[in-house]
Amino acid sequence: MQPRNMSMSGVVDLAAVKAAQEAKAKAEQARAEAARQGGGAVPGVSPSSLVIDVDEAGFEREVLQRSAEVPVVIDFWAEWCEPCKQLSPLLEGLAREYNGRFVLAKIDVDANQMLMQQFGVQGIPAVFAVVAGQALPLFQGAAPVEQIRQTLDQLIQVGEERFGLTGLVVDTDAQGGGDAQEAPVAEVPAGPYDALLEAAVQALDAGDLGGAVQAYRNVLNDDPANTEAKLGLAQAELLQRVQDLDPQQVRKDAADRPADVAAQIAAADLDLVGGHVEDAFGRLIEAVRRTAGDDRDAARVRLLELLEVVGSDDPRVTAARTQLARVLF
């Protein structure tokens with residue numbers, strides 16, 4: 001079984017803004033339809049379905065497909081792992097506490113070696129997440145509960161803001177808990193820039209990268225802190241830069257001319273588009289380290305742009321910022 005739609009890079013899909021709009025619209029439409037058919041009550045899932053055991057055969061259905069509705073947190077564990085015996089019950093309790101904001105998938109590494117290898121798990125316990133088909137590492141080893149809560153809150157925010165994931169409705173009647181309740185979901189009201197953001201999405205869909213760039217810039221001119229527009233602009237500009245590149249020539253130039261900052265920058269763009277996050281970051285950090293003046297500044301600025309594309313929630317962004325600071329200072 002190969003998880004075909006999963007990006008192990010942790011990079012947000014370069015069409016993530018478009019996907020977020022579509023996912024949000026589908027989620028809202030599904031909820032409205034369910035409410036209409038049920039006389040206003042949205043059918044809920046059983047609390048027991050918030051924690052599931054997953055194997056290789058069921059991974060695509062239980063994790064990849066489910067991640068289009070709700071973030072799926074993956075707990076890689078084994079019976080012989082003592083730290084796992086502390087962390088796993090904690091994660092299970094948090095899954096129930098968060099009441100449908102995420103689903104916990106437990107994977108026994110002894111019985112599912114292929115999944116362990118695909119995620120690049122080096123030791124257990126290891127915790128990953130899959131959001132809208134995108135995989136990202138969360139943490140490895142036991143961690144304090146407050147740190148885990150912060151990580152989960154960031155994950156849920158990413159799911160809502162970038163992919164429109166509204167969580168699951170949990171039916172407390174399934175365990176005699178009274179009336180069905182909807183999981184506490186932060187509703188995002190329609191904003192004043194929805195039309196412009198939709199125009200950017202349509203431009204991306206039509207392959208009009210210049211139009212998408214301009215639409216995102218129009219939003220940022222009025223609202224410089226608009227997260228969706230900042231992410232969309234960084235992604236659209238990256239796509240615009242690489243669309244006419246010859247990958248083989250770019251990589252040959254980078255290999256032949258390691259001191260050529262322009263060649264390293266172009267190769268880093270291709271690295272990121274191809275999902276090689278750490279390669280892209282490492283290439284530019286090395287360029288900053290070995291250069292000075294305008295060349296150094298060009299490499300630094302491009303690195304910061306690529307960090308924006310990936311997003312501050314990704315641990316590799318944090319690591320790259322730390323490495324950049326060491327090189328600069």
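Two strands count as paired here if DSSP finds at least two bridges between them. Strands (E, at least two residues) and helices (H or I, at least four) are DSSP runs, numbered from the N terminus. With that in hand, E4 and E5 form a hairpin with two residues between them, and Ala 132 in the turn has a positive phi of about 50°.

This is a predicted model, so local features need pLDDT of at least 70 and side-chain atom pairs count only at pLDDT 80 or more, while totals for chains, interfaces and linings use all residues. Residues are numbered from 1 along each chain as its sequence is written, and side-chain values use heavy atoms, with hydrogens and water left out.

**Overall picture**

- The protein has 13 helices and five strands.
- Buried residues make up 48% of the 329 residues (buried means under 20% relative accessible area, exposed over 50%, partly exposed in between, with a 1.4 Å probe and protein chains only).
- Take the contacts between residues at least 6 apart in sequence: 70% of them join residues at least 24 apart (a contact means heavy atoms within 4.5 Å).

**The sheet**

- The five strands make an open sheet in the order E1-E3-E2-E4-E5, and the pairing is mixed.
- Strand E1 (51-53) and E5 sit at the edges with a single partner strand each, so one side of each has no neighbour in the sheet.
- On average, neighbouring strands are turned by 25° against each other, direction ignored (axes are lines fitted to C-alpha atoms, for helices over the stretch in contact, and angles run from 0 to 180 degrees between N-to-C directions).
- Strand E2 (residues 72-77) pairs with E3 in the parallel sense over six bridges, with Ile 74 opposite Ala 105.
- E2 and E4 run antiparallel and are joined by five bridges; one of the pairings puts Val 72 with Val 130 in E4.
- Helix H5 (residues 145-163) lies across E2, E4 and E5, running at about 170° to E5.

- Strand E4 (residues 126-131) pairs with E5 in the antiparallel sense over six bridges.
- Val 130 stands opposite Ala 135 in E5, and Val 131 is opposite Gln 134.
- Six of the six residues of E4 are buried, so the strand is largely enclosed by the rest of the structure.
- In a regular strand the side chains alternate between the two faces of the sheet.
- In E4, Ala 126, Phe 128 and Val 130 point one way and Val 127, Ala 129 and Val 131 the other, and all are buried.
- Strand E5 (residues 134-140) is mostly covered too, with five of its seven residues buried.

**Salt bridges**

- The count comes to 21 salt bridges (a side-chain nitrogen of Lys or Arg within 4 Å of a carboxyl oxygen of Asp or Glu).
- Lys 106 pairs with Glu 92, the closest N and O atoms being 3.3 Å apart. Lys 106 lies in strand E3 (residues 103-108) and Glu 92 in helix H3 (residues 82-97), so the pair ties together parts that are 14 residues apart in sequence.
- Lys 106 is buried at 8% relative accessible area, whereas Glu 92 is partly exposed at 22%.
- Arg 251 and Asp 271 meet at 2.8 Å, N to O. Arg 251 is in helix H9 (residues 247-256) and Asp 271 in helix H10 (residues 261-273), so this bridge links parts that are 20 residues apart in sequence.
- Asp 271 is buried at 3%, while Arg 251 is partly exposed at 34%.
- Arg 61 and Glu 62 also form a salt bridge, at 3.4 Å, N to O.
- Arg 241, Asp 269, Arg 302 and Glu 305 are linked in a salt-bridge network.

**Helix packing**

- Helix H12 (residues 293-310) and helix H13 (residues 315-328) pack at about 165°, with axes 10 Å apart. That makes H12 roughly antiparallel to H13 (under 35 degrees is roughly parallel, over 145 roughly antiparallel, 65 to 115 roughly perpendicular, and the rest oblique).
- The residues in this contact include Leu 303, Leu 304 and Leu 307 of H12 and Ala 320, Leu 324 and Val 327 of H13.
- Helix H8 (residues 227-242) and H10 pack at an angle of about 120°, with axes 10 Å apart.
- Leu 238, Arg 241 and Val 242 of H8 meet Asp 269, Leu 270, Leu 272 and Val 273 of H10.
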